[in-house]
Amino acid sequence: MTINQSGWRPEMGGNKDGGTVSTFTGNRALMLEEPLIFEIGSTETTGVDFADGDVAGSRLGDLSRKAPIGLPGLSEPEAVRHYTRLSRQNYAIDLGLFPLGSCTMKHNPRLNERMARLPGFADVHPLQPVDTVQGALGVVEELARWLITLTGMAAVAMSPKAGAHGELCGILCIKAALEKRGEGHRKVILVPESAHGTNPATAAFAGFSVENIPATDEGRVDTAALEARLGPDVAGVMITNPNTCGLFERDLKRISDAVHAVGGYVYCDGANFNAIVGRVRPGDLGVDAMHINLHKTFSTPHGGGGPGSGPTVLSEALAPFAPLPFTQVDADGHVRLIEEETAGEDHPDSFGRMVAFHGQMGMFTRALTYILSHGADGLKQVAEDAVLNANYVLRSLEDTLDAPFAGSGPCMHEALFSDEGFPAGFSTLDVAKGLIDEGFHPMTVYFPLVVHGAMLVEPTETESKGALDQFIGALRSVAERAKAGDASLKSAPHFAPRARLDETQAARKPVLVWKDAAPTAEAAE
Ligand SMILES: *Cc1c(COP(=O)(O)O)cnc(C)c1O
């Protein structure tokens, strides 16, 4: 197979000269090269020309800067173009399918944005008198009621600001409940080996010790092993359902009953709620605490696009320990904000406070908009379509890629593949890099850890069959190239602004600070 420097191959069609012709600027049509900001501006220049101020001397005293700050001076258009060009090198859910497994990267409906920008929500201040923000608090209250109804739980703490933060909230509730019972000596949290990394981290951060529970061959928690480990030192379990192999933990109710029988609590990682919303109520499965990622299931922007929000629903047993503040509606419909622990009165057992104010108002507004625009039947269909799409991907590709749990029944929201059967020298990483050339963000790779060379694909319900077919075609093509030992795949991506980086070197010796003396090429990598 012939392959030129940029990776163009005859069968790709298109403009073959684009690969061999070099341009004066290094740009390739609308693909603009972008140097570091330090290489564009110079510390000698300044982008503004203010007249000298007429304030005599500095009012900073000893604190005034002794040496120049060393930032490059850029004009406004230079600064705007720099960041706009960089932003165009990003992949985003608004550009195409974003198949990250365990992350539910779904379309963010524009209606949500419109509602969140209404001045009554966008411009309120957390310190405003409660009487002036009744509408905003009403949104928090109504969303809370939806989350309680959808999960079948007793209460919800709205303030946690991400999934992992919600995990901490739930685990701190468990800790407070144990201490209240005089059983603070229970220090062990059991976590299946397929758990998201945040689960053991949360338990350890809250002062518990973590013990792993193995998975069965079919990719679910080994219930017998879990039951065998239960005892008076166990504070609780943390189980993700659906789990990170994309499978429903059918034994969760049995596990909850066994954990409760020995005096422990059940934390469920609800980040994958998208697959079961409207179909399964975790409260019915005996769950005591579960975070919900509004930025996954309820379509609020994810990652760099916006702050997360991780409300945590709680069982009757844990509700008294929920953090402050929370909202409460009086008989006359007036929403109150409970901000203080008042012994003997409202909320004497709260474990405390997790955030300065009330949580992510903008995300609450977006999530409630999403819920109301779908309605109860629409939310149920979200789960059904998400599961249908994932199974379509799984069954379309199981003839090409190893699918370790394809025999465990239908998957839930995500399809799991592996690089089993690839020729020596080819692995999951090559498939991920090849997908970049095809214009897709790679799926989650090498996770869950229980599967060697894992590729975890979560298409979500918002993709059409046409979009899925295109993605499946691309993944099939790249996987076939890997299986055929196509050497060009080893140096993919060829069409991205940067080719394959030395990831070991980047991890071990990251160059994070621009230094004037560093050769440009090294600094730019
Ligand atoms: C995303 C995710 C988390 C963590 O949520 P953040 O909002 O990123 O902190 C936890 N568990 C699972 C299974 C997840 O997918």
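Buried here denotes a residue with under 20% relative accessible area.

**Figure 1. Strand 2 of the predicted model and its covered residues.** The structure shown is a predicted model. Strand 2 spans residues 188-192, and five of its five residues are buried, so that the strand is mostly covered by the cut-off of under 20%. Val-188, Leu-190 and Pro-192 point one way from the strand, whereas Ile-189 and Val-191 point the other way; all are buried.

**Figure 2. Pairing of strand 2 with strand 3.** Strand 3 comprises residues 209-213 and runs parallel to strand 2, to which five bridges join it. Pro-192 has Ile-213 of strand 3 as its bridge partner. Between strand 2 and strand 3 the chain passes through helix 8 (residues 198-205), and this β-α-β crossover is right-handed.

**Figure 3. Pairing of strand 2 with strand 4.** Strand 2 and strand 4 run parallel and are joined by three bridges. Within this pair, Ile-189 stands opposite Gly-236 of strand 4, and Leu-190 stands opposite Val-237 of strand 4. Strand 4 covers residues 234-240 and is mostly covered, with seven of its seven residues buried.

**Figure 4. Pairing of strand 4 with strand 5.** Five bridges link strand 4 to strand 5 (residues 265-269) in the parallel sense. Among the positions involved is Ile-239, whose bridge partner in strand 5 is Cys-268. From strand 4 the chain crosses through helix 10 (residues 252-261) to strand 5, in a β-α-β crossover that is right-handed.

Figure 5. Strand 10 is joined by four bridges to strand 12 (residues 454-457), and the two run antiparallel. Phe-417 stands opposite Met-455 of strand 12.

**Figure 6. The surroundings of Ala-454.** Ala-454 belongs to strand 12. The residue has a relative accessibility of 0% and therefore counts as buried. Apart from its neighbours within four places in sequence, Ala-454 is in contact with Leu-416, Phe-417, Ser-418, Thr-428, Thr-444, Val-445, Tyr-446, Phe-447 and Pro-448. The C-alpha atom of Ala-454 is separated by 9.6 Å from that of Cys-245, although the two residues are 209 residues apart along the chain.

Figure 7. The domain assignment of the chain gives domain 1 (111-368) and domain 2 (382-494). Their C-alpha centres lie 31 Å apart. The contact draws 22 residues from domain 1 and 18 residues from domain 2.

**Figure 8. The whole chain as context for the close-up views.** The chain contains 15 helices and twelve strands. Its radius of gyration is 26 Å, close to the 24 Å given by the globule rule for 525 residues, so the chain is as compact as a globular protein of that length. The C-alpha atoms fill a box of roughly 75 × 75 × 45 Å along the principal axes. Of the 525 residues, 47% are buried. Among contacts with a separation of 6 or more, 70% are between residues 24 or more positions apart. The accessible surface of the chain comes to about 25,300 Å², and 55% of this surface belongs to carbon and sulfur atoms.

Notes:
Residues are numbered from 1 along each chain as its sequence is written. This is a predicted model: local features need pLDDT of at least 70, side-chain atom pairs count only at pLDDT 80 or more; totals for chains, interfaces and linings use all residues. Side-chain values use heavy atoms; hydrogens and water are left out. Buried means under 20% relative accessible area, exposed over 50%, partly exposed in between (1.4 Å probe, protein chains only). Two strands pair if DSSP finds at least two bridges between them. A crossover is right-handed if, with the strands pointing away from the viewer, the path from the first strand over the helix to the second runs clockwise. The radius of gyration is taken over C-alpha atoms; the globule rule is 2.2 Å times the number of residues to the power 0.38. Contact means heavy atoms within 4.5 Å. Accessible areas come from the Shrake-Rupley method with a 1.4 Å probe; for residues, only the protein chains shown count as cover. Domain bounds come from an automatic or database domain assignment.
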